[in-house]
Each structure stands twice: as C-alpha cells, then as structure tokens.
Amino acid sequence: MTKVFSGEMIRELIDDLEPESVVSTNNDSVHIKSESALKIFNELKNKENCQFDLLSSLTAVDYIDRFEMVYHLTSTVHNHSLVIKLICGEGRKEPKVSSVVSIWKGADLQEREVWDLMGITFENHPNLKRLLLWEEFPGHPLRKDYLR
Amino acid sequence: MNTVMDSVVFKFIYCHLVSSNECVDSFRILGSGFISEKYSIIGFLITSLILILILINGALVGVLALIWGERRLIGRFQARLGPNRWGPWGIFTPVADAIKVMFKEDISPRLSDKFVFVLAPVLMVIPVLMIFAVIPFGKATFLTDLNVGVLFILAITSTNTLSVLMAGWGSGNRYGIIGGLRAVAMLLSYEIPMALAAVGVILMAGSLSIIKVIESQTIPFAIFQPLGFLTFLIAATAELNRSPFDITEAESELIAGYMTEYSSMKFGLFFLGEFMATIAASAVIVCLFLGGWRGPEIIPSHFWFLIKWILMICVFIWFRATFPRLRVDQIMELAWKALFELTLINILAVAILMLIWPDPTILELWIMTGINWIIFFVSLWIFGKLLGPKPEQKDGVSRKIVLQK
Amino acid sequence: MSIRTEPVTMNVGPIHPSTHGVFRMRVTFDGEEIIDVEPVIGYLHRGSEKLAEERTYTQVVTLTDRMDYVASMTNNQSYILSVEKLAGITPSPRGVWLRMIASELQRIASHAVANGFLINDLGAWHTPLLYMLREREKILEMFEMLCGARITNSYLRPGGVFMDAPDQFWPALNRFLDEMPHRIDDIENLLSTNEIVLIRTQNVGVLKKDECLNASITGPVLRASGVDWDLRHKNPYDYYDQISFSRPLGEIGDNHDRFLVRIFEMRESLKILRQCIENIQPGPVRPKEVPFLVRPPKGDSYVPIESPKGELGFYLVSDGGVSPFRCHVRAPSFINLTLLREMVLGDKIADLFVTFGSLDVNMGEVDR
C-alpha cells in the first residue's frame with residue numbers, strides 16, 4: 001500500500017530540505033513558495049529517503065482569486081506519495097512558475113497543456129507552444145472567466 | 001452465306017483445338033475458300049484477331065474470377081464469410097466492383113505530369129496480356145509457339161517496373177514518389193533470381209520454347225529442382241507486389257503508395273493489371289515447374305492445366321492472408337544475400353548433374369531428384385545459419401517474460 | 001562521386017489508415033531513416049474538463065466513457081474512486097466485485113484491440129486482427145448483458161455499479177473463461193514465433209529502463225522495459241489486495257516485449273476474474289444512503305488506478321456544490337507520447353507505425 005504523506009509529514013520533510021519555504025499546511029498537502037519550488041523538487045527527487053522519481057500528475061486549478069499548481073509525486077523505490085501545491089504570482093494577472101522539465105521529463109507535455117488551457121507561463125520550458133488548440137486561438141478556455 | 005460462316009467457325013475452332021500448325025494451312029485454305037488466293041492472308045488476320053479477342057476476354061473473365069475467389073478465400077482464412085450478397089455465393093461481386101470503379105470521379109491532380117500520369121496504367125495492363133499469347137492451355141492449344149518463349153515472358157514482366165515508376169512520378173505526390181522508388185528498387189532486385197531460376201529449367205529442357213519445356217518434364221521440375229521452384233515462387237510473389245512484399249501498396253504506411261492519386265478507371269486499370277499479372281504468373285509457374293498440361297489421361301489435358309492453375313493461384317492467396325509485411329531493407333537483403341546465391345547453386349547443381357548423366361532414364365532422373373533435394377536442405381540450412389538471427393542477440397525465439405509475483 | 005541528398009519532411013496526416021485515431025506527425029527523414037518526429041495533437045479535443053464543471057457528479061460519468069473509448073469501464077472506475085474518496089462514500093461489496101470483473105474484462109478487450117491492430121500495422125491483412133476482435137465480441141456481448149451498452153458503458157455510479165448482473169451473465173462468463181486461454185495460446189503460437197513478426201518487432205523502438213520513470217511512462221510500456229510498477233499491486237484499490245496475480249516484466253523494452261507483455265497480462269486478467277467469481281456474494285450493488293445528487297464537502301482527491309494503458313487518475317476539486325469545481329484527467333496515453341521521438345529516431349519509416357502502435361495510444365484520451 002502506498003504510504004500517503006499527510007500535510008504535517010510533508011512540512012517536516014520540506015523543512016529539512018529548505019527551511020521557511022512552507023506557506024501553509026492542509027490535511028494532505030502543503031503550499032510552498034514558488035521561488036524555492038525548483039530547489040525543493042530537485043532535493044525531493046534525489047535525496048536518499050525521498051527519491052520521488054515519478055511525477056504522477058501536474059495540473060493547475062483556477063480558484064477565482066488565484067491560480068494554483070498541484071504536483072502529485074510518487075516514489076517507486078520507497079512506495080510513498082505526496083501532494084505539493086504552489087500559488088502562481090499575485091492575484092490573476094500574469095501567473096508565472098518555473099518549469100520542472102529539467103527534473104522530470106514527463107512534465108513536458110503536461111506543462112504545455114496547462115499553458116494552453118490555463119495560461120500559466122513556465123519559465124525555462126524548452127518548447128512552450130499550444131498543444132491541444134491551434135496557435136492563434138484567443139484566450140485560455142479553462143479559466144473561470146472565459147466566456148463560451 | 002450462313003453455311004459458309006458455319007463452316008468457317010467450325011473449322012477454325014476445330015483446327016485450333018487440334019493443332020496450331022495445321023491451323024496456319026487451313027486458314028489459307030479457308031481464306032482461299034471464300035476470298036481469292038492472294039487475299040488468304042486477310043482470312044488469317046481476321047481469324048487471328050478473333051482468337052486474340054477470345055483470349056483477352058478469357059483473361060478478363062479470369063480476373064473477375066480471381067477477384068471473387070480471393071475475397072472469399074481470404075474471408076474464410078479470417079474466420080468469416082467473404083462477400084455473399086450479389087448473386088449466388090457472391091459471384092457478381094466483381095461486377096459490382098467494376099461498376100463502382102467506373103462511376104467514380106476521375107481526379108487529375110494539378111501538379112501531376114499529365115502524359116506520364118495517364119500512360120502508366122495502360123503500360124501496366126497491356127504487356128501482361130501479351131504473356132497469355134505463349135502459354136499452352138492444353139495439349140496443342142496455344143496462340144503461338146515462340147522459340148524464345150521463356151525469354152519473352154521474362155522480358156515482359158520487366159515492363160512492370162517502368163509502369164510503377166511512371167505512376168509514382170506522374171502523381172506529383174510525395175507518397176507516390178516514395179512508393180514508386182521503393183517499388184523500382186524491389187522489382188529490379190527480384191528479376192535476377194527469377195531469371196536465374198528459369199535458367200535451371202531451361203538447362204533441363206534444352207530449349208527456350210515453352211512447349212519443349214513442358215514436353216521434357218517427365219518429372220515436374222518443382223520436384224526435380226526444389227531450389228529453383230522455391231526461388232522462382234518467392235521472386236514471382238515479389239514481382240507481383242503481393243504480400244509479403246507489398247511495400248509498394250502498403251496500405252498501413254503510405255496509404256496506397258504509387259497508386260495514391262489514381263481514381264476511377266485509371267485505378268481500375270492498375271487493379272486489373274495487378275490481378276491479371278497474378279493469373280499470368282500462376283500460369284507461367286504451372287508451365288515451367290508443374291508440368292503444364294501433363295497428367296494421366298483420365299481427364300483431358302485442359303482440365304489438368306486448369307486444376308494446377310487454380311491451385312497455384314490459391315497458393316498466392318494463401319501467402320497474402322497469412323504473412324505480415326517485410327520491411328524494405330529486409331526485402332533487399334533477402335533478394336541479394338539469399339535468393340541470388342541459391343539460384344546460382346541451383347544452376348550449378350543442375351549443370352553438374354546433366355554433365356554426369358547426359359541422357360537420363362527414369363531411374364537416373366529420380367536419383368538426380370534425390371541429390372537435388374539433399375542440396376536443397378543443406379543450402380537452406382547453411383543460409384539460415386548465415387543470415388538468420390545471431391545467437392547472442394537472443395532473437396528468433398520468444399523473449400522470456402518474467403512473471404513477478 | 002557523391003550523390004546529393006536532402007531530407008524530406010512529410011506530413012503523416014490526421015487521416016491515415018494506421019494512426020489509431022486522428023493523430024498527425026511531421027516526420028523528417030533522409031532516405032528511409034527518420035531524423036525528426038514532431039507529433040501534433042488536438043484534433044479530438046472536446047473540452048471534457050471544462051464540460052465536467054457544468055455537470056453533476058453522476059453525469060460526468062458519461063463524459064469519462066468517451067475519453068478512452070476503447071476502455072470505458074476503467075475510466076469510469078478511476079473517476080468513481082475519486083468521487084468516493086472525496087465524498088467519503090463506502091461502496092457496497094457486491095458493487096466492488098462487479099466493477100472489478102468489468103474492469104478486468106475491459107483490460108482483456110483493450111489489450112486484444114491493441115495487439116490486433118499492432119499486427120495489422122505490420123501488414124498481416126487483418127487476419128490476426130479479426131481473431132482478436134472475435135474474442136472481443138464475446139466480451140462486448142457480456143457488457144451488453146450488464147448495462148445495455150457495448151462500448152461507452154457508464155456502468156459505474158458512486159457507491160458501486162448501476163445495475164446487478166442478470167442471470168445469463170454468469171454462464172456466459174464461465175464459458176468465456178473456459179475458452180479464452182486456448183485462444184490466447186493460439187495467438188501466441190501463431191505470432192510470437194513467426195519469423196517476419198520477429199524481425200520486424202525485435203530491437204525496434206527500444207525504450208531504456210532508466211529513461212522511463214523520468215518521463216512519467218506507466219503501464220505495460222513501463223513494465224516491458226523492466227520496471228516493476230503496477231498500481232494494482234503497489235497501491236491496491238477496490239479489493240485488489242485480496243487477490244493474487246503476477247505481473248509480466250520485459251527485458252529490453254522493444255516492440256516485441258510490449259506485444260508479449262500485453263498477451264501475458266491478458267492471461268493474468270483471466271486469473272483475477274476467476275478469483276472474483278469465487279469471492280462475490282449476493283447483496284445490494286449500491287448503498288441505499290448514497291443520494292442521486294452527490295454533494296461532496298470541500299477538498300480535493302486523486303486516486304490513480306491501473307488502466308490498460310497506464311496510470312489513470314482523476315484530480316477532482318470540490319467546492320461543496322453538485323458539480324466538480326475542477327476535474328483534471330491524468331491521461332496515460334497523453335504522457336506516454338513524451339518519448340515517442342526518442343524511440344523512433346534512427347529507425348526506418350515502416351517502423352514508425354509499428355512503434356506507435358505498440359505504445360497503444362488512444363486519441364480520445366490524449367486530446368480529451
């Protein structure tokens with residue numbers, strides 16, 4: 001059975017790696033600062049007791065006042081998983097996050113899809129183009145303020 | 001006038017069924033019968049044209065029968081019935097096919113090279129029809145007895161290559177060009193084993209004429225020269241663009257290859273040409289390797305030819321239903337590294353055996369057959385080891401899949 | 001004298017007989033060898049994630065059917081598990097056993113289609129394809145007995161399944177379980193030692209073990225490369241912890257391994273089905289207290305399952321209403337496309353389609 005990290009356990013884990021980067025703790029996930037995201041993910045992937053080598057899912061949610069990125073990470077070595085969230089930018093204008101493609105290659109297509117449908121820009125992504133819609137499509141459909 | 005026409009028709013059918021050489025004389029006699037002497041050649045021409053017409057129509061009806069037979073037989077291979085709606089057992093399906101093909105819109109792509117584009121399907125069909133001129137359908141039933149019959153057939157099948165290249169280039173379409181070039185490479189490579197396998201037959205028969213080849217087959221050459229038969233069969237399958245060598249019309253890769261831009265009757269002509277080539281190639285294999293019309297006298301020789309012919313066609317359909325396709329570089333490897341050498345071994349073996357026993361009796365023929373079969377197995381085993389999968393790559397056998405508890 | 005050559009860029013268009021669905025690739029090749037592949041997707045994008053925000057939780061089940069339209073039952077299962085975790089519903093046991101039976105039958109059907117079309121792409125003129133589709137027909141008839149639809153089933157509901165299996169279902173299932181092992185053996189004998197299939201699929205489209213996990217590849221593709229990660233074992237959902245079965249692992253990770261892994265997985269599914277039939281007890285198929293309009297409390301949930309194509313999970317966010325606030329599909333076929341370019345570089349054109357077919361990609365899932 002995969003051990004799912006509760007919010008408290010994730011906070012302890014991340015405090016070991018990079019102190020002062022946890023913004024808030026929920027029941028089963030934590031919010032971290034987006035500036036330290038890349039460093040934390042790197043540590044989570046490579047450190048001995050973590051070894052989160054499988055990025056299960058990468059997605060974004062549009063809460064009306066902010067955008068949030070959600071990362072589900074799994075370790076096939078230790079068989080545990082956790083959920084990390086981070087808030088992109090200030091309010092709703094120009095959300096920007098750094099890309100994790102350099103850590104997990106599987107994030108490539110998923111980040112392009114998030115850019116396409118949600119409009120969150122990923123810095124240092126090798127090929128940030130629209131994926132599911134055509135290039136000249138106006139707007140980002142999955143946002144809550146996109147009128148049909 | 002009726003009696004004259006009756007006698008003309010009766011005489012030429014009769015004389016054609018009996019012997020062609022007598023026919024030539026009786027044409028002149030016929031011709032002189034109702035036109036004056038110096039125009040007897042016109043009678044000859046008219047009757048020849050009628051015969052050719054019958055032969056061409058027979059070939060076309062054969063194509064219809066092949067279309068029906070192939071679809072039903074492949075259906076049975078795939079655990080389903082073939083088409084059975086039009087007519088009893090679906091025998092009018094090819095008629096429905098032909099009508100469908102004729103009524104489609106004839107698209108002419110803008111970027112195509114018009115002259116080449118239109119000429120290609122015509123060039124596919126007409127040479128194949130010429131093959132039927134030299135094939136004997138029964139004991140003395142043939143249109144003509146060329147004394148270079150085998151060479152004529154091999155030369156005609158080469159024009160296939162030109163037509164495919166013209167079709168591919170004339171389409172002006174990338175798929176077409178790629179398909180055409182791949183086809184040319186394959187067709188050229190496989191003509192050599194085909195010709196060399198026929199050389200083995202010619203050595204035994206002592207002449208290039210097909211009638212003499214058939215007459216010299218006291219043992220059918222398929223049994224006498226298994227290596228030659230096998231290589232000719234494989235090379236013929238490749239020349240016909242049929243499975244497992246159908247990269248040219250590889251439906252799952254390049255849609256229809258060189259035929260992509262063709263529609264309506266031009267496509268119909270390609271279709272026709274390909275099926276007619278299948279029938280013609282089967283007839284040629286029957287003549288060269290299976291003994292033509294030879295057989296015990298209980299049924300007439302025409303029926304023996306027909307039975308062997310249908311059997312050969314079924315073998316081609318069987319190949320198509322079962323084998324997946326080979327990749328282009330694997331096809332080239334097969335032609336140049338395997339078939340070429342095997343045909344050379346065949347010629348060498350037959351030539352040496354003929355040197356040892358120049359005028360063989362039946363017993364000596366069977367001894368030669370036995371030696372040929374030993375050479376067949378040994379050379380196939382050697383080539384299997386040389387060209388087959390290397391043992392350290394673990395290929396050739398099913399991979400071991402570990403079942404993790 | 002050297003011949004001047006130039007690479008050709010060709011469009012393997014959205015409509016093509018052997019890209020399963022509408023999938024476009026811009027292929028650049030030099031002669032026969034492939035230099036570059038750029039997949040272009042989005043031709044089947046229907047906006048399922050946005051549509052899900054307008055529908056109630058039960059209505060979204062019909063949307064999930066149509067994503068991976070070859071394997072509807074497992075799509076349903078993944079979504080319903082997420083809903084149950086979000087809303088805190090305990091499903092009834094008979095419903096769970098029935099949905100496990102449906103899932104495993106669907107796995108056999110999906111692998112049959114995948115393998116059949118793989119051999120079809122090799123050029124075997126539909127013969128093995130029709131043999132596999134003949135077996136799939138029996139499974140689809142059983143689905144029709146269960147829920148009335150053959151392909152887009154919508155059989156599962158929060159709390160269990162929608163309808164109990166009728167009486168004629170169990171004899172049909174037992175008959176199927178008796179015949180199927182022989183059929184799978186037939187196909188394996190026919191194709192796994194066929195010379196032409198072996199030279200066309202071995203050492204072609206190799207996916208190395210150490211690249212797979214980094215690229216989030218999951219499913220039979222991952223197991224064919226040698227990594228032992230199957231969610232039914234490692235993170236069991238439903239009652240998979242009460243059932244014993246093994247998982248096939250490949251060695252090299254080429255097309256042949258993926259083909260064989262799917263055939264062995266079909267056999268394992270038969271084992272699971274037999275154990276499910278032994279364990280199932282009579283009872284209700286849905287708990288009575290589950291309302292029709294499910295209103296989960298605020299929160300989010302993600303329950304990944306092992307679908308025939310890989311790890312399939314629905315990330316659901318709820319704000320307390322009758323519709324999901326956000327519904328995101330982690331589609332395995334979509335993510336398995338990440339390494340398509342690396343797998344086919346250096347191979348010939350003919351291998352491109354075979355490799356693509358062995359990845360078992362379903363465009364409904366890729367585009368959603």
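In this predicted model, 2 pairs of chains are in contact. Of these pairs, chains B and C share the most contacts. Chain A and chain B do not touch. The nearest C-alpha atoms of chain A and chain B lie 16 Å apart.

Chain A does meet chain C. The contact draws 24 residues from chain A and 28 residues from chain C. By class, the side of chain A that touches chain C holds 12 nonpolar residues, 9 polar residues and 3 charged residues.

Within chain B, the domain assignment gives two parts. Domain 1 covers 1-103, and domain 2 covers 107-389. The contact between these domains takes 20 residues from domain 1 of chain B and 21 residues from domain 2 of chain B. Helices make up the list of elements that give two or more residues to the domain 1 side. They are α1 (2-18), α3 (40-77) and α4 (93-103) of chain B. Among them, α3(B) gives the most, with 12 residues. By class, the side of domain 1 that touches domain 2 has 15 nonpolar residues, 4 polar residues and 1 charged residue.

Notes. Residues are numbered from 1 along each chain as its sequence is written. Chains are lettered from A and ligands numbered from 1 in the order in which they are written. This is a predicted model: local features need pLDDT of at least 70, side-chain atom pairs count only at pLDDT 80 or more; totals for chains, interfaces and linings use all residues. Domain bounds come from an automatic or database domain assignment. Two residues are in contact if their C-beta atoms, placed from the backbone, lie within 7 Å. Helices (H or I, at least four residues) and strands (E, at least two) are DSSP runs, numbered from the N terminus. Ala, Val, Leu, Ile, Met, Phe, Trp, Tyr, Cys and Pro count as nonpolar, Asp, Glu, Lys and Arg as charged, and the others, Gly among them, as polar.
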